[in-house]
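Open your viewer, get the selection tool ready and follow along.

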Amino acid sequence: MMARALRLAERGAYTTRPNPMVGCVLAHGDEVVGEGWHRRQGEPHAEVLALQAAGDRARGATAYVTLEPCAHTGRTGPCADALVAAGVARVVAAMRDPFPQVDGSGFDRLRAVGIAVEVGLMEAQARALNVGFVSRVVRGRPWVRVKLACSLDGRTAMASGDSKWITGEAARADVMHWRARAGAILTGAGTVLADDPSLTVRFATPREFVPPLRVVLDPGLATVARGKVREGDAPTLYLHAPDAKPPRELTADRAPVPVRAGVFDLPAVLALLAGRGINEVHVEAGATLAGALLKAGLVDELLLYVAPVLLGDTARPLFGGLGFTEMAQRLQLEILETLRIGDDLRLRLRPRAGATA
């Protein structure tokens, strides 16, 4: 039942942010009497939809929910109260909600009226599902996922900058799913000037998603008058140095961020994005920004597409600025997943705990 609830929750991957993905299944024993999942901010939560589907059969049922039912009134009413009113007998939750306005109060409300509460079933899977929401609430910054495509010899582009295309069409289509689940797609001014990316989500078959915010790190606002990154329906945010002088005609969203020794204060960048409700940041940038994030210990996950090609030793590397000279300095990564996509391999990796660049 909890596995079913988690699968339901995942349906909201492209639409629920900044809210967490939540699924709920109501059952009498092995019989499901109602289920629901949270679709979009401001719309009914998973528990309410499941209760509506169950009707009178919710009385005496067990609710399997992937996150602690809320006990506060936001855009919707408290789910804990809805479960109480429906006469649910037992609530099994995968994890406690770290959001300060919930954080145990939902469980307290249920227990206060005699509803049995159990917590921790498939908690690791539930946390992985909402890794960005948990990161924003607990750490005050989004989950940072850096996407890169490289050759077998670890090169991302020719010395001239030519990089189209290292990987195949299937790998490029797969990237769209990761873009769609992110709250923001982050790049640097250099990438905008060199590659002119649109940084939009383009699915082969139509599906519902909320366009992620496109974020350009541009200290001097050199890119605001050009580029595909300003086109389309997706919003764009330019982050610039405090002393940058924006053009008078600039209407795009922008915000100043501290710059130290010519380099953006990257923790400040992430804190600003967290303040805008961004749970996951998907980075598509060059070696300089990717290397700076890695060196600062701000990369939570690497999404690496490896093509069965060789580009040679004059081609551009994955990361810049690491400056390793000894084997003891090497950065150790944990392989989370390997998957063949078309002719390419997709690796999901995470810096090992305690590892620094």
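Select R179, which you will find in helix α7 (residues 169–181). Helices here are DSSP runs of H or I with at least four residues, strands are DSSP runs of E with at least two, and both are numbered from the N terminus. Before you go on, note that this is a predicted model: local features need pLDDT of at least 70, side-chain atom pairs count only at pLDDT 80 or more, and totals for chains, interfaces and linings use all residues. Residues are numbered from 1 along each chain as its sequence is written, and side-chain values use heavy atoms, with hydrogens and water left out.

Is R179 buried or exposed? R179 counts as buried, at 7% relative accessibility. The cut-offs are these: buried is under 20% relative accessible area, exposed is over 50%, and partly exposed is in between, with a 1.4 Å probe and protein chains only.

Now show what surrounds R179. Leaving aside neighbours within four places in sequence, R179 is in contact with I185, L199, T200, V201, R202, P212, H282 and E284. Contact means heavy atoms within 4.5 Å.

Move on to one of those partners, R202. R202 sits in the loop between α8 (189–195) and β9 (213–217). With 46% relative accessibility, R202 counts as partly exposed. Its contacts, again leaving aside neighbours within four places in sequence, are M176 and R179.

## Second stop: the annotated sites

Select S163, R179, R202 and E284 together: UniProt, in an unreviewed entry, annotates them as "binding site". UniProt positions are given in the numbering used here, feature names are shortened, and annotations may be inferred rather than shown by experiment. The lining of the largest pocket includes S163, R179, R202 and E284. On a 1 Å grid over the protein atoms alone, a pocket is an open set of points with protein on both sides within 12 Å along at least five of seven lines, while a cavity is a set where a 1.4 Å probe fits but cannot get out; lining residues have an atom within 4 Å of a point.

Zoom in on A287, in helix α10 (residues 287–295). A287 counts as partly exposed, at 21% relative accessibility. Beyond its neighbours within four places in sequence, A287 is in contact with P317, L318, F319 and G320. Then click on L289, also in helix α10. L289 counts as buried, at 13% relative accessibility. Leaving aside neighbours within four places in sequence, L289 is in contact with L186, T187, G188, L217 and L266.

Colour helix α6 (residues 131–139), whose buried residues are V131, G132, F133, V134, S135 and R136. What covers these buried residues includes α5 (123–129), β6 (143–150), α9 (266–275) and β14 (280–283). After α6 comes G140, with a positive phi near 75°.

In what order do the five strands of the open sheet run? The order is β2-β1-β3-β4-β5, and the pairing is mixed. Two strands pair if DSSP finds at least two bridges between them. At the edges are β2 (31–37) and β5 (116–119), each pairing on one side only. From one strand to the next, the twist averages 15°.

Pick out β1 (residues 23–28) and β3 (residues 62–65), which pair in the antiparallel sense over four bridges. Here V25 stands opposite Y64 in β3. Now bring in helix α1 (residues 2–10), which packs on the sheet and touches β1, β2, β3 and β4 (90–93); its direction makes about 145° with that of β1. Axes are lines fitted to C-alpha atoms, for helices over the stretch in contact, and angles run from 0 to 180 degrees between N-to-C directions.

## Last stop: cysteines

Finish by selecting C79, which is buried, with a relative accessible area of 1%. How many disulfides does a search of the whole structure find? The search finds zero, a disulfide being a pair of cysteine sulfur atoms within 2.5 Å. C79 is in no disulfide, and the nearest cysteine sulfur, that of C70, is 3.7 Å away.
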